[in-house]
Amino acid sequence: MTMNAAGGRRRPPTIHDVAREAGVSRGTVSRVLNGGHYVSPAAQEAVNAAIRRTGYVVNRHARSLITGRSDSIGFLLTEPQERFFEDPNFNVLLRGCTQALAAHDIPLLLMLAGTEDERRRLTRYITAGHVDGVLLVSSHSGDPVAKRLREAGVPLVACGKPIGPASKVSYVAADDRDGARDMVRHLLSLGRRRVGTVTGPLTTPGGVERLAGYKEVLAEAGLEFDERLVVSGDYGRASGEAGAERLLAQAPDIDAMFVASDLMAQGALTALRRAGRRVPQDVALGGFDDSPAAVASSPGLTTIRQPWDRISNEMVRVLLAQIGGEDPAAVILPTELVKRESA
């Protein structure tokens with residue numbers, strides 16, 4: 001803070017105060033604040049030191065008038081709001097993206113768009129320039145948001161490999177197919193031969209890829225694909241419970257289940273207990289995500305770990321590069337099998 005002329009109330013430090021403290025021109029300070037182009041290392045260090053000493057904070061509104069940028073990023077979740085509060089993965093991803101952007105002094109705006117009206121309204125808001133780019137989470141193949149934003153020229157990075165009309169946008173994804181293969185191979189290695197699966201929504205990349213991995217390993221092991229061993233869910237706990245009940249009814253001799261999310265696997269545990277099936281003695285159970293739900297379950301869930309910290313960091317890195325003028329990019333990260341008591 002700086003004293004006013006009357007020596008009374010303090011005012012916030014300005015860019016002029018930083019320039020005077022650093023011994024450089026106001027223009028040099030401005031160039032440092034806008035990326036450091038055409039500034040010597042010595043001058044940049046002097047300005048950064050002066051910012052720390054004076055406590056100067058960038059006036060984002062004033063800078064946005066000059067740069068034409070909002071200096072903020074949107075985190076857009078195109079799912080019903082209750083999913084945000086039920087599924088711990090969304091919160092983990094949001095926290096990671098917030099932390100990654102904080103390193104660049106950029107705030108993150110949470111946007112929930114679970115209905116078509118909400119999606120249209122937020123699309124208008126985004127394309128009006130209120131954010132510089134969007135981190136898009138849980139985009140279904142029938143969801144037009146990614147396509148609309150891409151056509152409007154909005155920098156965009158999706159979490160998960162987009163399918164359908166949005167297939168040309170940047171994305172960061174865990175290797176869903178390879179993770180599913182690892183889980184099914186593990187279940188087969190335990191001597192299980194009637195392995196069922198509760199898939200994710202087959203309108204999402206994770207649902208499609210995890211089912212594909214399941215089928216590939218069955219074929220690899222010489223096991224015939226049986227449609228009675230496959231039911232679909234929506235990644236929520238209730239659908240995992242309902243899916244496991246259907247599997248038990250359709251294939252009473254089932255001895256293992258690969259359930260495509262930890263939340264659904266928790267629901268499957270409830271159904272298996274109600275049916276009198278012991279886990280893992282009667283039915284070995286595997287999940288996907290390695291979310292807090294996997295550790296909270298009893299028994300603990302054998303699952304596939306998604307590298308959420310790396311996914312968050314990569315989403316932010318790819319988006320900021322795109323805002324800076326780079327071409328769209330795709331990043332696929334490896335998963336890891338985590339063995340616990342359920343299988």
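Modeller: Contact here means heavy atoms within 4.5 Å. Helices (H or I, at least four residues) and strands (E, at least two) are DSSP runs, numbered from the N terminus. The model is a predicted one, in which local features need pLDDT of at least 70 and side-chain atom pairs count only at pLDDT 80 or more, while totals for chains, interfaces and linings use all residues. Residues are numbered from 1 along each chain as its sequence is written, and side-chain values use heavy atoms, with hydrogens and water left out.

Biologist: Which strands does helix 10 lie across, and at what angle does it run to strand 8?

Modeller: Helix 10 (residues 205–220) lies across strand 8 (195–199), strand 9 and strand 10. Its direction is at about 170° to strand 8. Axes are lines fitted to C-alpha atoms, for helices over the stretch in contact, and angles run from 0 to 180 degrees between N-to-C directions. Helix 12 (residues 262–274) lies across strand 8, strand 10 and strand 11, at about 150° to strand 10.

Biologist: What makes strand 9 and strand 11 edge strands?

Modeller: The open sheet in question has four strands in the order 9-8-10-11, with parallel pairing. Strand 9 (230–232) and strand 11 (284–286) each pair on one side only, and these are the edge strands. From one strand to the next the twist averages 15°.

Biologist: What is the strand order in the open sheet of six strands?

Modeller: The order is 4-3-5-6-7-13, and the pairing is parallel. At the edges are strand 4 (108–112) and strand 13 (330–333), each pairing on one side only. Neighbouring strands of this sheet are turned against each other by 15° on average, direction ignored. Helix 6 (residues 88–102) packs on the sheet and touches strand 3 (73–77), strand 4, strand 5 (133–137) and strand 6. The direction of helix 6 makes about 170° with that of strand 3.

Biologist: How many bridges join strand 3 to strand 4, and how many join strand 3 to strand 5?

Modeller: Strand 3 pairs with strand 4 over five bridges, in the parallel sense. With strand 5 the pairing is also parallel and over five bridges. Leu 77 is opposite Leu 112 in strand 4, and Phe 75 is opposite Leu 135 in strand 5. Elsewhere in the sheet, strand 6 (residues 156–159) and strand 7 (residues 170–174) pair in the parallel sense over three bridges. Ala 158 has Tyr 171 in strand 7 as its bridge partner.

Biologist: Why is strand 3 called largely enclosed?

Modeller: Buried means under 20% relative accessible area, exposed over 50%, partly exposed in between (1.4 Å probe, protein chains only). Five of the five residues of strand 3 are buried, so the rest of the structure largely encloses this strand. Ile 73, Phe 75 and Leu 77 point one way, Gly 74 and Leu 76 the other way, and all are buried.

Biologist: Are Asp 17 and Arg 20 buried or exposed?

Modeller: Asp 17 has 6% relative accessibility and therefore counts as buried. Arg 20 has a relative accessible area of 59%, so it is exposed.

Biologist: Which residues are linked with Arg 120 in a network of salt bridges?

Modeller: The network links Glu 116, Asp 117, Arg 119, Arg 120 and Arg 148. The closest N and O atoms of Glu 116 and Arg 120 are 3.5 Å apart, and those of Asp 117 and Arg 120 are 2.4 Å apart. In helix 7 (residues 116–130), Glu 116 is four residues from Arg 120, and Asp 117 is three residues from Arg 120. Glu 116 is partly exposed at 27%, Asp 117 at 47%, and Arg 120 at 37%.

How values were computed:
Two strands pair if DSSP finds at least two bridges between them. A salt bridge is a side-chain nitrogen of Lys or Arg within 4 Å of a carboxyl oxygen of Asp or Glu.
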